Amino acid sequence: MRRRIIAANWKMNMNIANGSIYLNNLNKLTSIHRNLEVIIAPAFTLLHPLSLEIDHRKFSLAAQNGYFKDQGAYTGEVSFAMLKDLVKYAIIGHSERRIYFNEDHQMIRDKVAAATRNGIIPILCIGENKSERVANETKKVLSDQLTSALYNLTSDEVAKIVIAYEPIWAISTFGGEIPKPTDIQKAIDYIRYQISELYGLKIANQVRVLYGGSVNSNSVSAYLALDGCDGALVGGASLNYLEFSKIIEKGYLIDKLG
Ligand code: PEP
């Protein structure tokens, strides 16, 4: 059975004091749940202090990025080798990194490989932009992004990965159009189909596929109810602990209903 995920991407927000207060408050509102994993992805600066504070039975930490070389003269970079004691997951291929920091297929492939060889599970973000969607190129974009990012992994490594389908046009900072759950269903089905074509059905059934894009406590249930949707990656709405705790609550509920 695939363990459901609700993940918070804090992006470049919160200092150590804010993050610590937030998690202290969220902790009070959150219970331990066997079938739901809550992941927090704060900035690098918060990873160490938060890793000392959090209840690891309730929360897992993710990095928002990492560099693909393990060490060396790369001023300003933080490698997955340095992150491996701190995080279980790392977000890789987020559209903000692809767009603002020019991360291409090759770099994302190298980052996925580097995270994996350091024992960190990639949360690989993929998704089409608005013009690709209008041109009916969604499947091609998803296929290209998936095939290239997973290229250096073994089937067993692919089985552990988390894919976040994040159509760029639905991300709050890039337009925040609200997608129809049927659109998301099609994309999730296609992602799993593509993985099964590349690595076989058994592996495709182990991979967790999340949805991300303007998710909030009102919309999350409709996405979580989709067949094969294993959770949500939440940006803007995760910055408020009360709102995020409501999203987690909806995750429990879906879980209880099976
Ligand atoms: C994101 O950037 O990963 C994201 C899902 O953002 P938002 O929820 O704000 O659309």
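**View 1. Helix α1 passes helix α2 in a right-handed crossing.** A crossing is right-handed if the near helix is turned clockwise from the far one by less than a right angle, and left-handed if anticlockwise. The model is predicted: local features need pLDDT of at least 70, side-chain atom pairs count only at pLDDT 80 or more, and totals for chains, interfaces and linings use all residues. Residues are numbered from 1 along each chain as its sequence is written, and side-chain values use heavy atoms, with hydrogens and water left out. The axes of α1 (residues 16–29) and α2 (residues 44–53) come within 10 Å and cross at roughly 35°. Axes are lines fitted to C-alpha atoms over the stretch in contact, with angles from 0 to 180 degrees between N-to-C directions. Helices are DSSP runs (H or I, at least four residues), numbered from the N terminus.

**View 2. Residues of α1 and α2 in contact (heavy atoms within 4.5 Å).** From α1 come Ile 16, Gly 19, Ser 20 and Leu 23, and from α2 Thr 45, Leu 46, Pro 49, Leu 50 and Glu 53. By class they are 5 nonpolar, 3 polar and 1 charged. Ala, Val, Leu, Ile, Met, Phe, Trp, Tyr, Cys and Pro count as nonpolar, Asp, Glu, Lys and Arg as charged, and the others, Gly among them, as polar.

View 3. An N or O atom in the side chain of Lys 11 is 2.6 Å from a ligand oxygen atom. For a polar side-chain atom of Glu 166 the distance to a ligand oxygen atom is 2.8 Å, and for a polar backbone atom of Gly 236 it is 2.8 Å.

Terms used: Polar contact = N/O pair within 3.5 Å; in protein donor to acceptor, adjacent residues only side chain to side chain. Helix = DSSP H or I, 4+ residues; strand = E, 2+ residues; numbered from the N terminus.
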